[in-house]
Structures are given as C-alpha cells and as structure tokens.
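I opened this notebook to keep track of what I looked up, entry by entry. The structure comes first, and my notes follow.

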Amino acid sequence: TLGEKFSWKPAAWWIVLSAALWAPADVLLDYLVPHFPSYTALLAWTALGGFFVSLVFFTIPGIRKRCRPKDFVWPLPTYFIFFLSVAIGIASYFPLVAALSHERVALTLVIANVQPLIVFLFEIACARFFSFYEKPDLRMKNLVPKGAALVFVVIGVWLLQ
C-alpha cells in the first residue's frame with residue numbers, strides 16, 4: 001500500500017516550517033530592493049541585520065548555554081570548513097538579491113529550487129574526492145523521483161514566465 005511505501009519523516013515538518021518562514025522573508029526582501037541604491041547595499045544591510053538577530057539569540061539562556069566557545073573544540077580543518085560554509089552561504093545572497101532586483105520574487109525562488117540537483121551533484125563530487133563525505137544513493141529507485149521533481153520544477157518555472 002501507499003502508506004507502507006511512503007512515510008512522512010519528522011524532518012519534513014521542519015522543512016515545511018523553514019519554507020513557510022523563508023517565503024515571507026523573501027517577499028519582504030523583494031519589496032525592499034527598490035528602496036536601496038543597489039542590491040549590494042541591501043545585501044550589506046541584510047548581513048548587518050543578521051548579526052543583530054544573532055545577538056538577540058544569545059540573550060535567550062537556553063541558546064546561549066549551548067553556544068559557549070568551549071563546546072566547539074574542533075580540529076583546525078573543521079573550523080576552516082565552518083567558515084568556508086558561512087562565507088559561501090553569505091556569497092549566495094549576492095545572486096539572489098541581484099535576481100530579485102530584476103525579476104518577480106516567485107520566479108526567482110522557483111528557479112532557486114534547482115538547488116537540490118546542484119547539491120546532489122556536489123555531494124557526488126565531494127564523496128569522490130573526500131573520504132569523510134558519504135556517497136549519495138545512486139540506485140535507480142532513488143534517482144527517478146529526483147528526476148521527476150526536477151521536471152516539475154522546470155515546468156513550474158516555464159508556467160510562471
């Protein structure tokens with residue numbers, strides 16, 4: 001039966017919540033684009049806002065207690081990977097905000113949904129070159145739904161144009 005083959009994993013609820021929170025943030029960001037002299041100025045102010053929001057998080061005792069520097073005793077390469085990840089994440093906002101300055105927010109974010117394909121390809125490359133990355137499952141039963149999802153995303157982008 002379908003119920004035995006398909007299961008809604010707990011992480012799916014977090015993903016739905018994340019998308020539900022991210023959507024209004026991007027719509028508001030799209031509204032702000034014309035009010036700034038350039039998208040890079042908006043990006044700088046957005047990054048600064050993220051810094052201040054982080055400070056607010058540290059005022060919450062439960063979060064502050066779990067974020068003590070002594071809890072982050074990592075080997076040096078792990079610190080490098082962490083800062084590289086953060087830098088790449090911040091850099092990814094440049095093209096997003098630039099796209100928002102040229103196109104409707106719905107189309108911009110639908111196009112961003114090809115990211116799972118890029119992530120999948122990046123996972124394959126990392127697993128090939130770095131032993132600490134787990135190779136993604138490349139069996140046909142896992143590739144077919146991913147391919148179908150990509151087709152739906154492409155159709156969605158075409159319909160929104």
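Before starting, I noted that this is a predicted model, in which local features need pLDDT of at least 70, side-chain atom pairs count only at pLDDT 80 or more, and totals for chains, interfaces and linings use all residues. Residues are numbered from 1 along each chain as its sequence is written, and side-chain values use heavy atoms, with hydrogens and water left out.

Entry, charged pair. I looked for salt bridges (a side-chain nitrogen of Lys or Arg within 4 Å of a carboxyl oxygen of Asp or Glu) and found one in the structure. D137 pairs with R139, and their closest N and O atoms are 2.6 Å apart. I then looked up accessibility, where buried means under 20% relative accessible area, exposed over 50%, and partly exposed in between (1.4 Å probe, protein chains only). D137 is partly exposed at 32%, and R139 is partly exposed at 47%.

Entry, P95. I located P95 in helix α5, residues 76-100, helices being DSSP runs of H or I with at least four residues, numbered from the N terminus. P95 is exposed, because its relative accessible area is 52%. P95 and Y39 lie 56 residues apart in sequence, and their C-alpha atoms are 9.3 Å apart in space.

Entry, helix contact. I asked which residues of α3 meet α5. Y39, T40, L42 and L43 in α3 meet Y93, F94, V97 and A98 in α5, contact meaning heavy atoms within 4.5 Å.

Notes. Helix = DSSP H or I, 4+ residues; strand = E, 2+ residues; numbered from the N terminus.
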